[in-house]
Amino acid sequence: MSSTGLGGIGMTSQRTRNRLVERLRQKGIQDERVLDAIGAVPRHMFVDEAMATRAYEDSALPIGHGQTISQPYIVARMTEVLLGGGTLDKVLEVGTGSGYQAAVLAMLVQQVYTVERIQPLYRRARDLFYSLRIRNIRATHSDGTWGWEQHAPYDGILVTAAPDEVPESLLLQLAVGGRLVAPVGRSDGKQELQLITRTPDHFEREVLETVNFVPFLSGKST
């Protein structure tokens with residue numbers, strides 16, 4: 001789907017990647033497009049060098065600034081749900097973080113827009129997209145509460161931190177028929193992974209499973 005330069009860059013053992021993909025398949029991920037993308041994106045490039053040996057474990061890892069790179073299962077699950085409505089041309093990601101989720105999405109959709117409120121994370125992810133020659137991601141340093149209205153409406157929106165409630169500004173940037181996937185709930189309580197679908201006259205919500213994400217914060221950070 002995308003024009004990327006992932007092949008051959010910092011390649012780890014394909015066997016190591018294949019083991020991760022097989023674990024995700026055993027956990028219930030069924031979309032082969034998603035599994036292929038997980039197998040293709042070099043996750044070790046998106047974590048600190050000291051953590052690289054753990055990059056293909058199915059676990060979240062710290063990336064600094066109180067943030068984490070999500071567990072591969074969660075990345076795959078959210079991506080699979082987002083794609084469940086059919087082919088997506090334009091997707092907004094709220095919370096770039098390490099850039100890993102955006103890179104996976106870039107393998108599967110025409111254009112990814114991603115916003116990050118923490119400037120050092122934004123800069124590192126932006127530089128990584130450039131070095132990996134991923135050409136269908138546009139990133140900005142911005143308060144994710146407001147999404148990226150300039151490029152709305154989006155066929156899909158994926159939120160990588162947990163708000164108490166999904167901001168209305170994000171819902172309104174979703175195209176009719178579009179899908180939004182987000183963890184919702186307080187960080188000190190139960191968070192639910194929700195699928196919100198926009199119909200011509202309302203928003204349909206479906207709770208998928210219990211999850212644990214860092215909290216969704218507003219405001220830009222330098």
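A salt bridge here is a side-chain nitrogen of Lys or Arg within 4 Å of a carboxyl oxygen of Asp or Glu. This is a predicted model, where local features need pLDDT of at least 70 and side-chain atom pairs count only at pLDDT 80 or more, while totals for chains, interfaces and linings use all residues. Residues are numbered from 1 along each chain as its sequence is written, and side-chain values use heavy atoms, leaving out hydrogens and water.

**View 1**
Start at R25, whose side chain meets that of E22 in one of them, with 2.9 Å from N to O. R25 and E22 lie three residues apart in helix α1 (residues 14-26), which means that about one helical turn separates them (helices are DSSP runs of H or I, at least four residues, and strands runs of E, at least two, numbered from the N terminus). R25 also forms a salt bridge with E32, and here too the closest N and O atoms are 2.9 Å apart. R25 is partly exposed at 33% relative accessibility (buried is under 20% relative accessible area, exposed over 50%, partly exposed in between, with a 1.4 Å probe and protein chains only). Elsewhere in the chain, look for D127 and R126, whose side chains meet in a salt bridge of 3.4 Å, N to O. Here D127 is partly exposed with 43% relative accessibility, and R126 is partly exposed with 36%. Back at R25, shared partners join E22, R25 and E32 into one network of salt bridges.

Follow the chain to D31, which sits in the loop between α1 and α2 (32-40). D31 counts as buried, with 14% relative accessibility. Beyond residues up to four places away in sequence, D31 touches E80 and L83 (a contact means heavy atoms within 4.5 Å).

**View 1. L195, a buried residue of strand β8.**
Strand β8 (residues 191-198) contains L195. L195 is buried, and its relative accessible area is 6%. Setting aside neighbours within four places in sequence, you will find L195 in contact with V81, with R179, L180 and V181, and with E204, R205, E206 and L208. For a distance to check, take T87: T87 and L195 are 108 residues apart along the chain, and their C-alpha atoms are separated by 16 Å.

**View 2. S142, in the loop between β5 and β6.**
S142 belongs to the loop that runs between β5 (137-141) and β6 (154-159). At a relative accessible area of 19%, S142 is buried. Not counting residues up to four places away in sequence, S142 touches V115, E116 and R117, along with G147 and K220.

A search of the whole structure turns up one cavity of 30 Å³ or more (a set of points, on a 1 Å grid over the protein atoms alone, where a 1.4 Å probe fits but cannot get out; lining residues have an atom within 4 Å of a point). The largest cavity has a volume of about 350 Å³. Of the 27 residues lining the largest cavity, Q67, G95, G97, E116 and T160 are the closest to its centre. Two or more lining residues come from each of β2, β3 (90-94), α4 and β4 (111-116). Strand β2 gives the largest share of this lining, three residues.

**View 3. Confidence along the chain.**
For the protein chain, the mean pLDDT is 90, and 92% of its residues reach 70 or more (pLDDT is the predictor's confidence in each residue, from 0 to 100). Now turn to residues 1-5, where pLDDT stays under 50 and the model has 17 contacts beyond four places in sequence. Residues 7-11 also have pLDDT below 50, and this stretch makes ten contacts in the model beyond near neighbours in sequence.

Methods:
1 Å grid on protein atoms, 1.4 Å probe; cavity = no way out; pocket = protein on both sides within 12 Å on 5 of 7 lines; lining within 4 Å. Points joined across faces, edges and corners; volume = space filled by probe spheres on them.
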